[in-house]
Amino acid sequence: MDMQTTTSAQELVLIPLAALRPSRRNARKTGGTPIKQLARSIERVGLLQNLTVTANGGKHYEVEAGKRRLAALQLLAKRKRLPKSYEVPCLVVPDAAARTASLTENTQRSAMHPADEFEAFKALVEEGKSIEDIAADFGVTPLTVQRRLRLANVSPRLLADYRKGQVTLEQLMALAVTDDHKAQEQAFYEVPEWQRDPRTLREHLTSEDADAARDPVARFVGFEAYEQAGGGYRRDLFADQGQGVYLTDRALLDRLATDRLKETAATVEAEGWAWVEVVPRSTPSELYAFRRVQPKRRKPSRREAQAIVKLRRRMRLIDTTPQGEDAEIDEAQATALQEEREAIAVKLEAAEQALAEYSPKARAVAGVVVTVDAGGNAVVHRGLVRESDAKQAQAEDGNAEGADPGKKKRTATAKNPGVSEKLARQLSAHRTAAIQAELARQPQVALVAVVHRLVLKLFYEVRHTDAPLQLDGTPQTKLDRYAPDLPGSPAVAALAEVRQGWKARLPAEPEALFIALRELSQDDLLSLLAVCAAGCVDAVSPREADGRAGELSAALGLDMAQWWTPTAAGYFAQVSKARIFEAIKSFAPEYVKQLELAKKPELAARAEELAAGKGWLPEMLRRTA
C-alpha cells in the first residue's frame, strides 16, 4: 500500500510488519501471556485480533494497542517464520485518540474466567482434537493442557462454587487428585472450613494410597516394578516433578515387597536362627516389644578395616563441606552430597552388622525380622527374643537385654539411674504439645475428655485429679520454659495452624461470640471444642514414671515418633552413658562394642546419628499407661 495515503478517522487496513513500531503511549506496561507462547499460538492459528495504530509522518505506524502481538510477530519474522513484508491487519485511529484507544482496549475487555477456559479445553477434546494439537494451537505445553482438563473434570458443584469465589484455585487443584466427584465433595463440604487447606484436602483424598516418593515400601519396590505388576495409581498433575504419584493397591505393593525381602530372608535363614519373619511394614514400637541378645564384635579383616576407614573419611569430608547460602556448591550438588552421605551410612551399617557375631546358643533361641526401614531399604533386625523365650535366652546366653534377674538387674539399675527432673519436664512438655496437636484434630476424643472431667466434678465430687485436661480455661502455651527446643516443633506448628484458622473465623469482639457460635454447625462446634480442649492439656511432670497422660494418649493413638526426634542436645547429652548405651543397643546393637571407649560428647553425637530414621523413643515417651 502507499504509505502516504491519508486515512479516515478510523480505518481497518493491512500494513507491512516492517512498518510497525511500538508506541510509548501504549497503556499496558506489564503482564499478559509470555511473548514466546503468544508467538507459537499466532504461528499455529494466525493473528485473531487486529492491532490499533496511528500514522507517524507516513514513514511508519506506531502501535498504540497490541504491543505484545507486535513483539510476537517480530519474533516470528526474526526466526524466519514470517516475511518482514507480512501484512498485519491494523485499525488506524487519529493521533489525538491514541492514548484513549489504548486504554479502552486494555480496560474495557472482560477476561475469561479460568473455569470457562477449563471447560473450553475439555470441549475441544470432545470435538476430537488431540492434547498435542491443542497445546500447539495455544502455544503451551501438553502438561498445561492436561492440567486444565483435570480441573475441568472436578465436580460441577465445586466448579460452580469456584466461579462464585467460594473455592480457591489451589483447593480445586488439590481436589483434582481424584476423579471421584463424590469423594471430592465429601472432602470439601463435610469438614470444617479450617480443614479445607489444599494440603489437608490432598492428604484426605490420598489417605488410603501410598505416596510413591515418600512411602518406604513404595520406594523399596519401585514404581516401575509396581506398574509392571498391574498396580493402579493416580497422578497429581499439579505436584512438583518427581512427586504426586499415589499407588492405590497397597496389598499388591506389600506383596511385591515381601517377595523381594524373602530373597534376603533366605540368606539369613542359613545363619541358623530359631525363626525368621518377613514383615514389609513394621513400627518401632513393634520392634521394641522384643528383647534382644547382644552380639560380640569380631575384629575386622584388613580389607574390611580399610573399607570402613575409607567410608568414614568420605562421610567426614561431606559433613565438613560448606552448604547453604554462602556455599560455593549449588542446591543440586548439595542434594547429591546428601544422597551420597545416606548411601555411605547404609554401607557403614552393613559393614558393622557383618562384624557382629552371635553365639550358636543365642541363635537357637533368638530370631530375625526382615523389613523395610524409613529410607526404603531392606533391613535385617537380628537377635530378637520373644517375651515367651526370654527366660530360655537368659539361661542359654546370659545376655538377653532386659532379662537379667535378681541382683544383676538391681546392679544394672543402680548404674543406670532415671532421667533428671529437668529432662523429665522437657520430654513431658514435648509429649504435652503432641497430645495438644492430636487432640485438636480428634473432636470425638476431645468431647470424651471434657465430659470425663465434668462428670468427675459433678457426679463423683472429685475436685482434684491428675487428669492432663484442666478445665479452668487457662491455656497451656508456655511449654517452651520446660523445653527450649520446643518452638518450631511439628506439634507446636500443627496446633498454631489450627488455632490461627479458627481465630480468623471468630468475631473480633467477644460480645458477638455467642451469636456466632450459635450459627456454627455441630461439626464445627465439636472441632472448635477440640481446639479449646487441646489448649488446656497439661501433662508436664518432673517424674519419668508419671503415667497420668496414659489414658488420653492411648485414646488418641499417640505415636511420639511422629512428633519427637532424639538428638544429642535434646536427650543423649542429658542422660548417663549407661542410658545412651541402652538406647544404642536397641536401635544399633552392632555399634556398642565400637563405642565403648568413646567420651560422652562423642557418644551422644554418634547416638543421634545412629538413631536417625529409626523411630526410637525413650521409655518415658513410649509409655501409654
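A contact means that heavy atoms lie within 4.5 Å. Among contacts in the chain between residues at least 6 apart in sequence, 74% join residues at least 24 apart. This is a predicted model, in which local features need pLDDT of at least 70, side-chain atom pairs count only at pLDDT 80 or more, and totals for chains, interfaces and linings use all residues. Residues are numbered from 1 along each chain as its sequence is written, and side-chain values use heavy atoms, with hydrogens and water left out.

**Overall build**

- The chain has 28 helices and 14 strands; these are DSSP runs numbered from the N terminus, with helices (H or I) of at least four residues and strands (E) of at least two.
- Of the 625 residues in the chain, 40% are buried, where buried means under 20% relative accessible area with a 1.4 Å probe, counting protein chains only.

**Nonpolar cores**

- A nonpolar core is a set of buried Ala, Val, Leu, Ile, Met, Phe, Trp, Tyr and Cys residues joined through side-chain atoms within 4.5 Å.
- The largest core holds 73 residues, and those with the most contacts inside it are Leu 439, Phe 572, Ile 584 and Phe 587.
- Helix α20 (residues 421-440) supplies the largest share of this core, 10 residues.
- A second, separate core of 28 residues includes Ala 212, Ala 218, Val 221 and Trp 273.

**Ala 534**

- Ala 534 belongs to helix α24 (residues 522-535) and counts as buried because its relative accessibility is 0%.
- Leaving aside residues up to four places away in sequence, Ala 534 touches Gln 436, Leu 439, Ala 440 and Leu 495.
- Ala 534 and Thr 432 are 102 residues apart in sequence, and their C-alpha atoms are 9.3 Å apart in space.

**Aromatic rings**

- Rings of Phe, Tyr and Trp (its six-membered ring) pair if their centres lie within 6.5 Å; planes under 30 degrees apart count as stacked, over 60 as edge-to-face and the rest as tilted.
- A search of the whole structure finds 10 aromatic pairs.
- The rings of Phe 118 and Tyr 162 are stacked, because their centres are 6.3 Å apart and their planes lie at 10°.
- Phe 118 lies in helix α4 (residues 114-126) and Tyr 162 in helix α7 (residues 156-163), so this pair ties together parts 44 residues apart in sequence.
- Both Phe 118 and Tyr 162 are buried.
- Ring pairs also join Trp 564, Tyr 571, Phe 572, Phe 587 and Trp 616 into a cluster.

Note on methods
Buried means under 20% relative accessible area, exposed over 50%, partly exposed in between (1.4 Å probe, protein chains only).
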